[in-house]
Amino acid sequence: MTREEVLEKVAKIISNHFDIEPENVTDQLNIKDDLNADSISVMEFVLELEDEFGTEISDEDAEKIETVGAAVDYITNNL
């Protein structure tokens, strides 16, 4: 799966979860700051990523994922 394909899927998850249009989701979008996500929303987002991509993201790694680009890079590198 290419990085672009991963980004497209992550954008869909974010748009469903945070009520933002997928075309407005960029690599630089900060999940906590730009989307006003609290810790529960971030954890739900991580769980959705795990379900969508069939991977497990440790709590330690999840804490490091602050932007959409970081999430995409993590998934791309760990598939």
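## Getting oriented

A residue counts as exposed when its relative accessible area is over 50%, and as buried when that area is under 20%. Glu-4 has a relative accessibility of 56%, so it counts as exposed. This residue belongs to helix α1, which covers residues 3–18. Please keep in mind as you look around that the model is a predicted one.

Ser-41 comes 37 residues away from Glu-4 in sequence, and the C-alpha atoms of the two are 24 Å apart in space.

## Helix α1

Which residues of α1 are buried? They are Val-6, Leu-7, Val-10, Ala-11, Ile-13, Ile-14, Ser-15 and Phe-18. Helices α2 and α4 are among the parts that cover them.

In soluble globular proteins, nonpolar side chains tend to be buried together. Here, the largest nonpolar core holds 26 residues, and the members touching the most others are Val-10, Ile-14, Phe-18, Phe-45, Leu-49 and Val-68. Helices α1, α2 (39–53) and α4 (68–78) each contribute at least two residues to this core. The biggest share comes from α1, which gives 7 residues.

Apart from neighbours within four places in sequence, Phe-45 is in contact with Val-10, Ile-13, Ile-14, His-17, Phe-18, Ile-31 and Ala-71.

## The loop between α1 and α2

Asp-19 sits in the loop between α1 and α2, and it counts as exposed because its relative accessibility is 74%. Asn-36 is in the loop between α1 and α2 as well. Its phi is also near 55 degrees, a positive value in a residue other than glycine. With a relative accessibility of 66%, Asn-36 counts as exposed.

Is Ala-37 buried or exposed? Ala-37, found in the loop between α1 and α2, is buried, because its relative accessible area is 11%. Beyond its neighbours within four places in sequence, Ala-37 is in contact with Phe-18, Ile-31, Lys-32 and Val-42. Thr-26 lies 11 residues from Ala-37 in sequence, and the two are 16 Å apart from C-alpha to C-alpha.

## Salt bridges

How many salt bridges does a search of the whole structure find? The search finds 4. One of them pairs Arg-3 with Asp-27, whose closest N and O atoms are 3.2 Å apart. Arg-3 is in helix α1 and Asp-27 is in the loop between α1 and α2, so this pair ties together parts that are 24 residues apart in sequence. Both partners count as partly exposed, Arg-3 at 26% relative accessibility and Asp-27 at 24%. Arg-3 also meets Asp-73 in a salt bridge, at 2.8 Å from N to O. Asp-73 is partly exposed, with a relative accessible area of 34%.

Another salt bridge joins Glu-52 and Lys-9, with 3.4 Å between the closest N and O atoms. Glu-52 is in helix α2 and Lys-9 in helix α1, so the link spans distant parts of the chain, 43 residues apart. Glu-52 counts as partly exposed at 39% relative accessibility, and Lys-9 does too at 29%. Through shared partners, salt bridges join Arg-3, Asp-27 and Asp-73 into one network.

## A buried charge without a partner

Glu-50, located in helix α2, is buried yet has no salt bridge. Where is the nearest side chain of opposite charge to Glu-50? That side chain belongs to Lys-64, and it is 14 Å away. A salt bridge requires a side-chain nitrogen of Lys or Arg within 4 Å of a carboxyl oxygen of Asp or Glu. Leaving aside neighbours within four places in sequence, Glu-50 is in contact with Thr-55, Glu-56 and Ile-57.

Methods:
Residues are numbered from 1 along each chain as its sequence is written. This is a predicted model: local features need pLDDT of at least 70, side-chain atom pairs count only at pLDDT 80 or more; totals for chains, interfaces and linings use all residues. Side-chain values use heavy atoms; hydrogens and water are left out. Helices (H or I, at least four residues) and strands (E, at least two) are DSSP runs, numbered from the N terminus. Buried means under 20% relative accessible area, exposed over 50%, partly exposed in between (1.4 Å probe, protein chains only). A nonpolar core is a set of buried Ala, Val, Leu, Ile, Met, Phe, Trp, Tyr and Cys residues joined through side-chain atoms within 4.5 Å. Contact means heavy atoms within 4.5 Å. Lys and Arg count as positive and Asp and Glu as negative; His and the chain ends are not counted.
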